[in-house]
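Hi,

Here is the structure I promised to pass on to you. Have a look at it first, and then read on for my notes.

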Amino acid sequence: MNRLKQDMHQALLDACKGWWFYHRFIKKYKLQRTKICLIPDQEGKYLDASLLYLDQMLQVQGYDNAVILTVPALKKAEAELFSDNIELVKKISRKKAEQLMQFYCLYNFDERFVVCSLDEPIGRQGTGLVGKKGITQEEVFAAGVYGIPNFIQFVPSPYRKKDQKILRFLNRRKQRMKISEREEMEKLWI
């Protein structure tokens, strides 16, 4: 019973810290018609889907632009390859992301806030739908997380410039895609 009290106290404390961070952030950047997207996983598993369908989500939900709070390393120049509607990309710690999600778990405190993950916060089970009746991870993400009822699969145009930082980012993206495709195939065979 003592352990339960400690866990509840810690969860409430984390939620309060998440509330404090979120409201200071909104006030500092004076965000009005802006969607706040939290990308919480450190590996960047949902980074691509978060960026690929961002513009469609903004259009469907009626927002002008987006701010991305990210745990994995992401630069604004890299994010702008996917969308011109990104106002700010801010890297935050995993602990700060957990505090925001703890606050989010209490209640839906702001319609502008979205957690870009199929697995987080705790209790979200979106990955269980991937592969069922041919549903892809992108479809689950677009419909379940972003609320896009009829999404159009996005195919980015090739990058033809020579900026080495951008090329390294795109190569890391290709490597992540190969790993995630292999993981999805393994799930289908298990």
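The protein chain holds 7 helices and 4 strands. Starting from the N terminus, the order of these elements is α-β-α-α-β-α-β-α-β-α-α. Keep in mind as you read that this is a predicted model. The chain has 190 residues, and 41% of them count as buried. If you take the contacts between residues at least 6 apart in sequence, 66% of them join residues at least 24 apart.

Let's begin with strand β1. How many of the 6 residues of β1 are buried? The count is 6 of 6 for this strand, which covers residues 34-39, so β1 is largely enclosed by the rest of the structure. Now look at where its side chains go. In a regular strand, the side chains alternate between the two faces of the sheet. In β1, Thr 34, Ile 36 and Leu 38 point one way, while Lys 35, Cys 37 and Ile 39 point the other way, and all of them are buried.

Which strands pair with β1? One is β2 (residues 65-70), which runs parallel to β1 and pairs with it over 6 bridges. If you want a spot to check on screen, find Thr 34, whose bridge partner in β2 is Asn 65. Another is β4 (residues 113-115), also in the parallel sense, with 3 bridges to β1. Here you can look for Cys 37, which has Val 114 as its bridge partner in β4.

Cys 37 brings us to the cysteines. The structure holds 0 disulfides. Cys 37 is in none, and the nearest cysteine sulfur to it, that of Cys 116, is 4.4 Å away.

Next up is helix α3, residues 54-61. Its buried residues are Leu 54, Gln 56, Met 57 and Leu 58. What covers them? The cover includes β1, α2 (47-52), β2 and β3 (86-91). Apart from its neighbours within four places in sequence, Leu 58 is in contact with Lys 35, Tyr 63, Asn 65, Ala 66 and Asn 85. Take Asn 85 from that list: it sits 27 residues from Leu 58 along the chain, and the C-alpha atoms of the two are separated by 8.6 Å.

Two packed helices are described by the angle between their axes and the distance between the axes. On the α1 side, they include Trp 19, Phe 21 and Tyr 22, and on the α5 side, Leu 100, Phe 103 and Leu 106 are among them.

Most residues other than glycine have a negative phi, and most peptide bonds are trans. Which residues go against this? Lys 30 does, with a positive phi near 50°. You will find Lys 133 in the loop between β4 and α6, and at 86% relative accessibility it counts as exposed. As for the peptide bonds, the one from Glu 120 to Pro 121 is cis, with omega near 0°. Pro 121 is in the loop between β4 and α6 (137-145).

Happy exploring!

Methods:
Residues are numbered from 1 along each chain as its sequence is written. This is a predicted model: local features need pLDDT of at least 70, side-chain atom pairs count only at pLDDT 80 or more; totals for chains, interfaces and linings use all residues. Side-chain values use heavy atoms; hydrogens and water are left out. A disulfide is a pair of cysteine sulfur atoms within 2.5 Å. Buried means under 20% relative accessible area, exposed over 50%, partly exposed in between (1.4 Å probe, protein chains only). Helices (H or I, at least four residues) and strands (E, at least two) are DSSP runs, numbered from the N terminus. Two strands pair if DSSP finds at least two bridges between them. Contact means heavy atoms within 4.5 Å.
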